[in-house]
Amino acid sequence: MTALDPTARVAASPAPAKRSKAAAYLALTKPRIIELLLVTTVPVMFLAHKGVPSLWLIVATLVGGALSAGAANTFNCVYDRDIDAEMHRTSNRPMVTGEVSPREGLVFGVVLTVLSTVWFLAFVNVLSAALSLGAIVMYAVGYTMLLKRRTRQNIVWGGAAGCMPVLIGWSAVANSVSWSAVMLFLVIFFWTPPHYWPLSMKFKDDYAAAHVPMLPVVERFVVVARQIVAYSWAMVVASLALVWVNPMGWLYLVTAVVTGGFFLAEAYRLLRAAKAGAGPTVLKPMRLFHFSISYVAILFLGVALDPLFYLSVTGR
């Protein structure tokens, strides 16, 4: 084996704390990321239904979505096992530690892909199945294999796969994709860089060691912070545009304005610190990372509750 062989790095890794085989397979799916993806699915179903959809449809969509996201994340772990071995925060992933072999991981990912697609076909609809399969391909091939190691804009275009649960949630209810769903897709699309780049700033050295050209690795922090502010504004504008596209009521509008205002304030705080030449300790990029998660949860809670407590902005 050559020094560049991912399997060679796995063999050289220190022995991990033992966990069951089932737990190792579960870790491949990155459950915490799945939770975040599903947070956007149910509220969109409420909006598409203009109320509460059937409990079975919600459960079926969540199960299919979890299987789909788990498949995409598993393929990511299989392909990225070489660079995961170079990064401290990912060095305990099962593919790196050898708890799961590349062949086992690949088979597991294929099984999850088949299960998710068949599940959506059987219990939701054909459109949702197609969108689910498309999301897996976008993340596993588009982002992981083609973009991540080649361009500083990897997370921008690759992040589109993380927007797909919005379209899947809408299509599960309406069996179509409307402009309202597209606007929410854009909210998540523009949210992804301000969410992920602060994490990349925190772990810049990790990405640099693995030769992954995340924007904070190849540009100064002030350039990254300016990009974060620009995408934050686009995200807030998209969230407010939904009020006229759908239209939404006062509950959602107030939620979007308040949470968007806090998001922009935090983005500008990061930019001011970067302009002042602050180091990572003063910069505190993870403040924005953690708030971005709260932002999505609160904004999409507003999406879910607005049709239940609708009060028209226009008075109609």
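E266 counts as buried, at 11% relative accessibility. E266 forms a salt bridge with R269, with the closest N and O atoms 2.6 Å apart, in what is a predicted model. The structure holds eight salt bridges. The largest pocket has a volume of about 1400 Å³, and a nonpolar patch on the surface has about 470 Å² of accessible area.

- R269 counts as buried at 15% relative accessibility, and E266 counts as buried at 11%.
- Because buried means under 20% relative accessible area, R269 at 15% falls on the buried side of the cut-off.

- D80 and K148 form a salt bridge in which the closest N and O atoms are 2.8 Å apart.
- D80 sits in the loop between α5 (55-79) and α6 (81-86), and K148 in the loop between α9 (126-147) and α10 (154-158), so this pair ties together parts that are 68 residues apart in sequence.
- Both D80 and K148 are buried.
- The D80 and K148 residues are also members of a network of salt bridges that links D80, D82, K148 and R149.
- R152 and E219 meet through their side chains in another salt bridge, at 2.5 Å from N to O.
- This pair links distant parts of the chain, with R152 in the loop between α9 and α10 and E219 in the loop between α14 (215-218) and α15 (221-245), 67 residues apart.
- R152 is partly exposed, with a relative accessible area of 36%.
- E219 is partly exposed as well, with a relative accessible area of 25%.

**Largest pocket**

- The volume of the largest pocket is about 1400 Å³.
- The pocket is lined by 50 residues, of which K30, R32, I33, H195 and Y196 are the closest to its centre.
- Elements that give two or more residues to the lining are α3 (31-39), α5, α9, α10, α11 (164-174), α12 (179-202) and α18 (286-305).
- Helix α3 gives the most to this lining, with seven residues.
- By class, the lining of the largest pocket has 28 nonpolar, 13 polar and nine charged residues.

**Nonpolar surface patch**

- Y79, L133, V137, V141, M145 and L146 form a nonpolar patch on the surface.
- Together these residues have about 470 Å² of accessible area.
- Five residues of the patch come from α9, which is the largest share.
- M145, one of the patch residues, lies in helix α9.
- M145 is partly exposed, with a relative accessible area of 34%.
- Because patches are made of residues with over 30% relative accessible area, M145 at 34% passes that cut-off.

**Backbone features in loops**

- N246 and P247 are joined by a cis peptide bond, with omega about -10°.
- P247 is placed in the loop between α15 and α16.
- H211 is a residue other than glycine with a positive phi, near 60°.
- The loop between α13 (204-209) and α14 holds H211.
- H211 counts as exposed at 67% relative accessibility.
- K284 is a residue other than glycine with a positive phi, near 50°.
- The loop between α17 and α18 is where K284 is found.
- K284 counts as partly exposed at 45% relative accessibility.
- Because exposed means over 50% relative accessible area, H211 at 67% is in that class, whereas K284 at 45% is partly exposed.

**G279 and its loop**

- G279 has its place in the loop between α16 and α17 (280-283).
- At 30% relative accessibility, G279 is partly exposed.
- The C-alpha atoms of G279 and R220 are separated by 11 Å, and the two residues are 59 residues apart along the chain.

Note on methods: Residues numbered from 1 in each chain as written. Predicted model: local features only at pLDDT ≥ 70, side-chain atom pairs only at ≥ 80, totals over all residues. Heavy atoms only, no water. Salt bridge = Lys/Arg side-chain N within 4 Å of Asp/Glu carboxyl O. Helix = DSSP H or I, 4+ residues; strand = E, 2+ residues; numbered from the N terminus. Buried < 20%, exposed > 50% of the residue type's maximum accessible area, 1.4 Å probe, protein only. Patch = residues over 30% accessible without salt bridge, like charges linked within 9 Å, V, L, I, M, F, W, Y side chains within 5 Å. Areas by Shrake-Rupley, 256 points an atom, 1.4 Å probe, with all protein chains shown as cover. 1 Å grid on protein atoms, 1.4 Å probe; cavity = no way out; pocket = protein on both sides within 12 Å on 5 of 7 lines; lining within 4 Å. Points joined across faces, edges and corners; volume = space filled by probe spheres on them. Nonpolar A, V, L, I, M, F, W, Y, C, P; charged D, E, K, R; others polar.
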